[in-house]
Amino acid sequence: MVPYEYYVALSGFLMVLGFIGVIVRKNIIAMLISTELMLNAVNIAFVAFDMKLHDVVGQVFVFFILTIAAAEAAIGLGLIMAIYRMKKDVDVEKLTELKG
Amino acid sequence: MELSVVAFWVLSAIAVLSAIGVVFFKNIVYSVLSLISTLIAISGLFFNLGAELIGALQILIYAVAIVVFYVLVISTVPQYKGEAVDPKYALLSAPFGFILFLELAYVSVYGLWASNTGIFSPDIFNQISNAKAVATLLFTKYLFPFEVASLILLVAMIGAILLGRKEIVEEGGA
């Protein structure tokens with residue numbers, strides 16, 4: 001068996017990568033994708049701690065995270081479509097005001 | 001070497017490399033393809049951990065449903081021309097990423113949240129299947145949050161429809 005610490009370390013790596021992606025990328029869609037990476041990192045940590053603690057509460061919370069990720073994707077991408085329709089751009093450097 | 005150990009190293013290598021691809025690929029389509037690779041590798045890790053229900057859901061919901069959203073929007077929004085990664089923010093992200101990593105490592109290594117040993121004793125845990133245990137908990141103790149989650153999905157759906165619809169141009173208006 002792989003010790004659960006390895007899974008937690010992997011989760012940390014993916015979390016940091018997603019965080020860097022949110023900061024570094026200029027495209028809003030890429031920033032949303034990096035957020036998905038961070039959510040997945042949390043899921044790995046939840047399931048790994050479940051296996052360590054002989055529990056399933058973490059997996060129940062993975063359910064909720066999946067739900068929130070789906071809702072976030074729907075709303076976020078809807079917003080991106082609306083922003084693109086107004087501004088004809090998805091570059092965060094150029095989207096500096098909310099006024100259409 | 002034990003098979004689960006081999007599976008862990010192969011799958012986690014795929015997951016980390018694809019995640020690097022998600023962040024640093026210039027073309028957004030390649031980013032989404034790397035994201036699918038990461039998600040499938042992570043679902044393999046869930047299977048490896050014994051969480052078969054979550055692994056299946058990971059493929060069904062993430063790798064199929066959510067990624068289809070992204071592909072749909074990418075096909076609508078034209079490819080953004082120009083540098084994908086901002087160099088000045090790349091420089092900025094390194095120290096902050098390192099701080100975040102140190103924080104996560106500190107909390108994980110010293111186990112600041114370490115508390116109980118779970119509600120299932122190991123022998124009961126081995127008797128009932130994992131999916132059964134998750135479902136039992138989800139439909140008893142966490143029933144109300146489950147219903148709230150369905151409401152959140154409904155609200156998100158209505159919001160996405162409202163945001164995504166075309167503006168109706170009023171005929172003969174002022």
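In the predicted model, A:Ile44 is in contact with A:Tyr7, A:Leu10, A:Ser11 and A:Leu14 as well as with B:Ile42, B:Leu45 and B:Phe46, when residues up to four places away in sequence are not counted. A:Ile44 also belongs to the largest nonpolar core, a set of 67 residues in which A:Tyr7, A:Ile29, A:Ile33, A:Ile44, A:Ile80 and B:Tyr70 have the most contacts. Two or more residues of this core come from each of helix 1, helix 2 and helix 3 (57-87) of chain A, and likewise from helix 1, helix 2, helix 3 (52-76) and helix 6 (130-138) of chain B. The most is given by helix 3 of chain A, with 13 residues.

Helix 1 of chain A (residues 4-24) has 21 residues, which at 1.5 Å a residue should span 30 Å, and the 30 Å between its end C-alpha atoms therefore agrees with expectation. Among the buried residues of this helix are A:Tyr7, A:Leu10, A:Ser11 and A:Leu14; A:Gly12, A:Gly18 and A:Gly21 are likewise buried. The cover over the buried residues of helix 1 of chain A includes helix 2 (28-53) of chain A, together with helix 1, helix 2 (28-49) and helix 4 (87-110) of chain B.

On the surface, A:Tyr6, B:Met1, B:Leu3, B:Val6, B:Trp9, B:Val10 and B:Ile14 form a nonpolar patch whose accessible area comes to about 760 Å² together. Helix 1 of chain B (residues 3-24) gives the most to this patch, with five residues. B:Val6, which lies in that helix, has a relative accessibility of 35% and therefore counts as partly exposed.

Technical notes: Residues numbered from 1 in each chain as written. Chains lettered and ligands numbered in written order. Predicted model: local features only at pLDDT ≥ 70, side-chain atom pairs only at ≥ 80, totals over all residues. Heavy atoms only, no water. Patch = residues over 30% accessible without salt bridge, like charges linked within 9 Å, V, L, I, M, F, W, Y side chains within 5 Å. Areas by Shrake-Rupley, 256 points an atom, 1.4 Å probe, with all protein chains shown as cover. Salt bridge = Lys/Arg side-chain N within 4 Å of Asp/Glu carboxyl O. Helix = DSSP H or I, 4+ residues; strand = E, 2+ residues; numbered from the N terminus. Buried < 20%, exposed > 50% of the residue type's maximum accessible area, 1.4 Å probe, protein only. Expected span 1.5 Å × (residues − 1). Contact = heavy atoms within 4.5 Å. Core = buried A, V, L, I, M, F, W, Y, C linked by side-chain atoms within 4.5 Å.
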